[in-house]
Every structure is written in C-alpha cells, then in structure tokens.
Amino acid sequence: MNHSKVFVALLRKEVLSEWRNKYAISGILLYLLSIVMLIAFTFETTDDRTWMVMFWIAILFTSVNAVAKSFLQESEGRQYYMYTLAAPQLIILSKMVYNTLLMLLLSSIALLLYVVSLGYPVADSLSFLIAMLLGAMSFAATFSMISAIAGKASNSATLTAILSFPILLPVMRILIRISLRALPQESLQVNAQDMLYLLALNVFIVVLALILFPYLWRD
Amino acid sequence: MLRQLKTRWWKALAVVLLLYTFTAGMLIDVPARFVLHETIRNLFFHVPVWFTMILLLLVSLIYSTLYLRHGKLAYDIVAEQLAKVAVVFGVLGFLTGALWGNYTWGDTFSWLFADTKILGAFIGLLIYVAYFILRGSVPDEEKRARISSVYSIFAYILLIVFIFVIPRLTDSLHPGNGGNPAFSTYDLDNTMRLVFYPAVFAYFLTGCWIASQLIRLRILHYRKHNINI
C-alpha cells in the first residue's frame with residue numbers, strides 16, 4: 001500500500017473509533033456546555049474583551065480533554081499492532097489531522113453555545129474564523145504530540161496539561177491578540193503578519209513532531 | 001569526557017574571571033546614561049546569567065540528541081544535570097531582572113506580564129520544571145531518558161523560536177525589540193565590553209563546573225545501583 005492509502009485508512013480508523021465510542025465525544029460536549037454555562041452564569045453580561053478571552057480559555061480546556069486522550073485511550077497492545085501496520089510518521093500525522101477536524105467541530109459548537117448565551121460582539125468575523133482555524137491546528141498538533149509523550153508516563157492526564165501549556169501560552173497570546181483586534185473593526189490587514197507567523201509556527205510544530213515521534217513509540 | 005571533568009585549569013579560569021568581573025563590574029567607570037545611570041552595571045550580571053541559561057540548555061539539548069542517537073544513559077545524565085543548573089541560572093536572571101526593572105521601568109511590577117521577553121523566559125522555566133516532573137513520573141531509566149529527551153528537544157526548539165523571534169514582532173521594554181535598538185549599538189562603550197564578555201564566559205564556566213559535580217554524583221548513584229551507563 002502506498003502512503004496516501006495508509007493515511008486515509010488511519011484517518012478512517014480514527015473517525016470510526018470515535019463514532020463507536022460515542023460516550024467519549026458526548027462527554028466532551030457536556031464538558032463544553034458546562035464551561036460555557038459556567039461562564040454565562042458567573043459573568044451574566046460580559047464586556048467584549050472578557051467575552052473573547054474567556055472564549056479562548058474555554059476552547060483551550062476543551063481541547064486538553066478532547067485531544068489529549070488521543071494516545072491515552074488506546075491500549076498498548078493495539079498501539080503495537082498499529083506500528084506494525086504503518087510508519088510512525090503517518091500515525092502521528094493522521095492523529096494531528098483528525099484532531100484538527102475534531103477541534104474545528106468543537107470550536108464551532110462552542111461558538112454556537114457562546115453566541116446563544118452571551119451574544120456575538122465580533123465585527124471582523126473573517127479574522128476571527130481564521131484565528132479559530134489556526135488555533136484548532138495548533139492545539140491539535142501540540143496536544144497530539146504531547147499526549148504521545150505523556151502516554152508513556154504515569155499520571156498522564158495531569159502531565160499532558162503541564163507539558164503543553166507552556167508551549168501553548170505564546171500561541172494563546174497571539175490568538176487572543178488577533179481576536180481582540182478583530183473585535184472593533186475590519187482588521188485582516190493588521191492581523192496578516194500574526195496569522196502568517198502562527199501558520200509558520202504550526203508547520204514547525206508538525207515538522208518537529210514528525211522528526212521526534214519515531215523515537216517515542218519504540219519500547 | 002570524565003577525564004575532562006576532573007581537570008583543574010578551566011575551574012581556576014572560572015574563579016579568576018568571576019573575581020575579575022565582580023570587582024571590575026562594581027568599580028570601573030560606566031557611561032552615564034539617561035534613566036539607567038549606575039544600574040547599567042547590572043548588565044554584567046543580568047544579561048550573562050540569561051546567556052548562560054540559554055547556552056547550558058543548548059548543550060543539554062545536544063546531549064539529548066546524542067542520547068536519542070546512541071542510547072547511552074551517560075548522555076541523558078549530562079542533559080538532565082545541565083538543565084537543572086540552567087533553571088537555577090534562569091531564576092537568578094529573574095531576580096536580577098526584577099531588581100533592574102524596579103529602578104528603571106518603575107516599581108509597580110506592572111511590566112512583569114506586559115513584556116514578551118519576560119513571558120518567553122517564564123515559559124522557559126515552566127517547560128523545564130515540567131521536564132523534571134515528566135522525568136519523575138517514569139520509573140524506568142531507559143524509558144525516562146528517551147521520553148524526556150524527546151520532550152526537551154521539542155520544547156526547547158519552540159522556546160528558542162518564542163524568545164528570539166516573537167519579541168522582535170511585538171513591543172517590549174527590552175533593548176533590541178519592537179523598534180528599540182539593541183544595547184550594544186549605543187549604550188555600551190569599549191571598557192564595558194571588556195567586562196561583559198569575560199562575565200558571560202565566567203558564568204558559563206561556573207555553570208559547567210556545578211553541572212560537572214552533579215553529573216559525577218549522579219554517575220556514582222547509578223554505579224551504586226548497578227545500572228549500566
């Protein structure tokens with residue numbers, strides 16, 4: 001089999017296993033709903049800046065729970081079996097792509113819940129949507145790689161958070177900067193540099209993960 | 001490698017250079033600059049400490065890569081102990097920086113979270129504290145070495161990108177960022193350079209010296225438990 005076929009098969013397997021374990025994704029959705037409701041009920045009304053910052057924090061914590069499990073949920077035996085079937089680079093890449101799609105879905109649902117409960121103050125929707133897309137990519141790539149690392153250690157759930165938050169802190173900072181500029185007016189021109197920078201950073205994270213992941217899975 | 005750790009000449013050099021930078025750093029005539037005044041002497045302490053942290057972490061990264069290539073536990077020991085010393089230098093960098101910022105940027109500490117370079121440094125410390133926690137949660141030596149090497153390479157390279165690239169894109173109170181000229185272009189005169197460069201070298205040597213003691217201790221610990229390194 002050639003690489004693209006293996007890749008598509010791996011992606012299909014991710015979607016299927018998510019579909020068959022519906023309790024996992026429903027758990028995440030409930031988690032998301034709880035966070036948004038918590039924000040809505042504690043703030044009651046938000047000013048624009050708070051709206052935006054809390055939105056990103058909600059997305060960050062949802063993605064810790066949604067993406068971080070990608071390597072944790074699979075039994076070691078099944079992982080070894082996977083490694084005999086496909087190259088490690090393809091496995092991590094398929095996880096990253098799948099998790100990006102998952103994060104896009106979750107971010108859209110989060111936005112929907114958010115708009116229903118707290119309104120929609122963003123003037124430049126295009127910039128904001130691009131930020132959401134880039135954010136989904138960064139979160140998915142970083143959490144996939146870090147959960148592969150943390151999955152090898154004990155107390156991996158805590159580890160995933162503490163290993164990845166320092167890496168995601170500057171990403172969050174840029175994402176929030178782009179989104180805050182998008183609040184009052186059209187700002188695609190001003191945001192272009194930050195967006196390109198974030199895109200380059202995402203490519204960088206993916207390349208690093210592709211180089212380093214093969215060292216991880218060998219036991 | 002072990003033989004080099006035991007030789008004395010570079011340790012003597014470290015002591016001499018440290019004595020020189022501390023005396024000269026306090027006594028030489030410094031150019032009187034607006035706002036900075038005598039606090040410019042902190043350049044001999046604050047900046048070299050950060051340089052040392054970055055350098056020690058770079059060497060640690062090289063040893064992590066060597067471990068992934070050759071799989072010898074000795075490389076992992078070196079990488080870990082260098083990271084430990086680097087974190088101590090990082091904390092010193094924060095303390096000297098806080099002292100400097102207190103006199104030049106105002107004493108409310110509101111600049112602490114506004115400055116991108118401080119954010120980068122803070123992230124660096126977080127990464128390495130997380131690195132030690134990761135090491136602590138894997139009991140098997142081989143596995144611990146491999147996993148933590150992967151994390152330290154992944155995180156350090158991203159950290160370098162954050163520290164050296166992002167601040168140039170945004171505003172910062174530090175020299176060399178957001179349109180601020182770098183220090184050397186106008187603030188430093190040649191006498192200060194004569195103290196500054198030896199200071200960087202002295203702190204780096206001292207860091208290596210402390211790390212070498214820790215490495216030898218760790219090797220003894222491994223030998224005592226009959227772990228093949």
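Reply: Glu141(B) lies in helix H6 of chain B, which covers residues 141-164, helices here being DSSP runs of H or I of at least four residues and strands runs of E of at least two, numbered from the N terminus. The model is a predicted one, in which local features need pLDDT of at least 70 and side-chain atom pairs count only at pLDDT 80 or more, whereas totals for chains, interfaces and linings use all residues. Residues are numbered from 1 along each chain as its sequence is written, and chains are lettered from A and ligands numbered from 1 in the order in which they are written.

Glu141(B) is partly exposed because 16 other C-beta atoms lie within 10 Å; a residue is buried at 20 or more such atoms, exposed at 12 or fewer, and partly exposed in between, with C-beta atoms placed from the backbone. If neighbours within four places in sequence are left aside, Glu141(B) is in contact with Leu73(B) and Ile227(B), contact meaning that the C-beta atoms, placed from the backbone, lie within 7 Å. Between the C-alpha atoms of Glu141(B) and Gly207(B), 66 residues apart along the chain, the separation is 25 Å.

Turning to the meeting of the chains, 22 residues of chain A are in contact with 24 residues of chain B. On the chain A side, helices H7 (125-150), H8 (156-182) and H9 (188-217) each supply at least two residues, and H9(A) gives the most, with nine. The residues of that side divide into 18 nonpolar, three polar and one charged, where Ala, Val, Leu, Ile, Met, Phe, Trp, Tyr, Cys and Pro count as nonpolar, Asp, Glu, Lys and Arg as charged, and the others, Gly among them, as polar.

The largest nonpolar core has 116 residues, of which Ala140(A), Met145(A), Ile149(A), Leu82(B), Ala86(B) and Tyr151(B) touch the most other members; such a core is a set of buried Ala, Val, Leu, Ile, Met, Phe, Trp, Tyr and Cys residues joined through C-beta atoms within 7 Å. H7(A) contributes the largest share of this core, 16 residues. Apart from neighbours within four places in sequence, Met145(A) is in contact with Ile92(A), Ala209(A), Phe213(A) and Phe154(B).

As for chain A as a whole, its secondary structure comes to nine helices and zero strands, and buried residues make up 41% of its 219 residues.

Methods
Contact = placed C-beta atoms within 7 Å.
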